[in-house]
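Please keep both open while you work through the points below.

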Number of protein chains: 2
Amino acid sequence: MPNKHIVYHIPVCPFSQRLEILLALRGQEDAVDFRVVDITKPRDPELLAKTRGTTALPVLETAEGTILKESLVILRYLDEVVKGPSLRRSDPVEHAIESMLIAQEGPFTMAGYLFVMNRDPDQRDSHLEKFLGLYRTMNDFLMAHSPEGPFLFESFGLAEAVFTPMFKRFWFLEYYEDFALPDGPEYARVRQWKAACMAHDATDQVSKEEIVKLYYDYALGAGNGALVEGRQVSSFAFNPPWQARPWPPKDKYTTSASDAELGLLP
Amino acid sequence: MPNKHIVYHIPVCPFSQRLEILLALRGQEDAVDFRVVDITKPRDPELLAKTRGTTALPVLETAEGTILKESLVILRYLDEVVKGPSLRRSDPVEHAIESMLIAQEGPFTMAGYLFVMNRDPDQRDSHLEKFLGLYRTMNDFLMAHSPEGPFLFESFGLAEAVFTPMFKRFWFLEYYEDFALPDGPEYARVRQWKAACMAHDATDQVSKEEIVKLYYDYALGAGNGALVEGRQVSSFAFNPPWQARPWPPKDKYTTSASDAELGLLP
């Protein structure tokens, strides 16, 4: 690559973490220039012009100025152009198998975000059951195509790069919803997979503490940098840094902490 | 390929037509053994076991017995293994560009099906506006990446194979909703693209008459072989053949034709 690719992303975005995982696996962390966008502020007009009005992140700008959108499109693109062995399986059938698993990620991600953002205690059980159903579908898929594990194939690959940031994101469900995968054979294989994904060296970009603190506003139903009623500062604000803030209250249904209680005032 | 791939599909399924288009472009129509599944009857238990309980079609069974699901996964798989030049662009940036356009197909397909299945006259305008908005997004994309046209790149490619079956499917909106793309610059480029896609020799697998007759039940809100109230025979029934039946009534909001009126009785 003559010049570096630029990736515009929000801090700790899971869709961007996939790209960081790919680069870490290749030892090519410097191949992309990551630029952080503050979603709590109006979007820079120059970037907005480049993305032709859409605000979804991450986007990648090639050295030639082409803008690529969609996390999976960017991931597959970097997999083709960054130096080192491909993440995707070279065998067409094996690649189709990993692509089928990847196709389960959209509904899984949607269900996890809707679950954490739910504000109605009466809807909690239906969110939980939906989310667990998707885990059972993954378990079934892994049992059919890779019963021994831990990964879908011999090593951490494309499907793992896609799912691991979501498994880590959903730490917010452990914290705010006391979510845990139930024991039992319906979840045994996906539990093994998830654990192997999360423990992999190349996936250390985020911590549970950071996720839980930054996503407090999501747990109150406010996504994408929107402000919770009565608050002046988003939990995604860059300052004060998350390390300096206390852990938020776990109870998302009856409590709404103030900026001061969240350590968000300078 | 030592043995043929088998594709199980429903008659004139758009997700399966993509595969037929790919084979037609390669002159390899015989590389896949297509087996029609009658969705108006209970699913064959042997096929249900192979698909591990899911009923979505098409599925592909490789010569080695691996089952591949998801239309786009199967399309990309066949693109890699069937003899002849790839449909996908070999250049990684160009492939990312066609993949971004392909990512617009899911919402487009969903909007078109919800539009034809809508039974509430008061909701008609919002379905129309949503559908048109997706066309404007495609128009914008094509203007950014391929202002001259007619195709996204020099010739009919992967994105065209994905969208063309949907453009043809949505003949049912022309018939049952009097849908037509408005004049004007917001739609000019996508109109050109759509026309070039639909006119291509490799996409002749279906006719407007067939689509309109088979999808009558969808226009009454009944999908996937479900029976419309008061009817005994699905508009997707194999017999009597669609060629022998009259055109259904265009008015989907106040009329519900009988089996006899639809020519569905033997």
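Predicted model: local features only at pLDDT ≥ 70, side-chain atom pairs only at ≥ 80, totals over all residues.

**The contact between the two chains**

- The size of an interface is often given as the accessible area lost when the parts come together.
- For chain B and chain A, the area buried between them is about 1900 Å², and 67% of this lies on carbon and sulfur atoms.
- On the side of chain B, the residues that lose the most area to chain A are Arg52(B), Glu80(B) and Met100(B), which together account for 28% of what that side buries.
- The contact draws on 24 residues from chain B and 24 residues from chain A.
- Which elements give two or more residues to the side of chain B that touches chain A? They are strand 4 (67-68), helix 3 (71-81), helix 4 (92-102) and helix 6 (124-145) of chain B.
- Helix 4 of chain B gives the most to this side, with 7 residues.
- Sorted by class, the side of chain B that touches chain A holds 13 nonpolar, 5 polar and 6 charged residues.

**Cavities**

- When the whole structure is searched, 6 cavities of 30 Å³ or more are found.
- The largest cavity has a volume of about 180 Å³, and its lining includes Arg76(A), Asp79(A), Glu80(A), Arg88(A) and His95(A) from chain A as well as Arg76(B), Asp79(B), Glu80(B), Arg88(B) and His95(B) from chain B.
- Leu158(A) is also one of the residues that line the largest cavity, and the lining as a whole divides into 1 nonpolar, 2 polar and 8 charged residues.
- Helix 3 (71-81) of chain A and helix 3 of chain B each supply at least two residues of the lining of the largest cavity.
- The second largest cavity, with a volume of about 50 Å³, is lined by Val73(A), Arg76(A), Tyr77(A) and Glu80(A) on the one hand, and by Pro92(B), His95(B), Ala96(B) and Ser99(B) on the other.
- For the second largest cavity, helix 3 of chain A and helix 4 of chain B each supply at least two lining residues, and the lining divides into 4 nonpolar, 2 polar and 2 charged residues.

**The second largest pocket**

- The second largest pocket holds about 200 Å³ of space, and of the 16 residues that line it, Ser86(A), Leu87(A), Ser155(A), Phe156(A) and Gly157(A) lie nearest its centre.
- Helix 1 (14-26) and helix 7 (158-169) of chain A are the elements that give two or more residues to the lining of this pocket, and helix 7 of chain A gives the most, with 3 residues.
- By class, the lining of the second largest pocket has 8 nonpolar, 3 polar and 5 charged residues.

**Backbone features in chain A**

- Most residues other than glycine have a negative phi, and most peptide bonds are trans.
- Leu57(A) and Pro58(A), however, are joined by a cis peptide bond with an omega of about 5°, and Pro58(A) lies in the loop between helix 2 (45-50) and strand 3 (59-61) of chain A.
- A cis peptide bond also joins Asn239(A) and Pro240(A), with an omega of about -10°, and Pro240(A) is found in the segment after helix 11 (216-219) of chain A.
- Glu70(A), a residue other than glycine, has a positive phi near 80°, and Glu70(A) is located in the loop between strand 4 (67-68) and helix 3 of chain A.

Methods
Residues numbered from 1 in each chain as written. Chains lettered and ligands numbered in written order. Heavy atoms only, no water. Contact = heavy atoms within 4.5 Å. Buried area = accessible area lost by both parts, 1.4 Å probe. Helix = DSSP H or I, 4+ residues; strand = E, 2+ residues; numbered from the N terminus. Nonpolar A, V, L, I, M, F, W, Y, C, P; charged D, E, K, R; others polar. 1 Å grid on protein atoms, 1.4 Å probe; cavity = no way out; pocket = protein on both sides within 12 Å on 5 of 7 lines; lining within 4 Å. Points joined across faces, edges and corners; volume = space filled by probe spheres on them.
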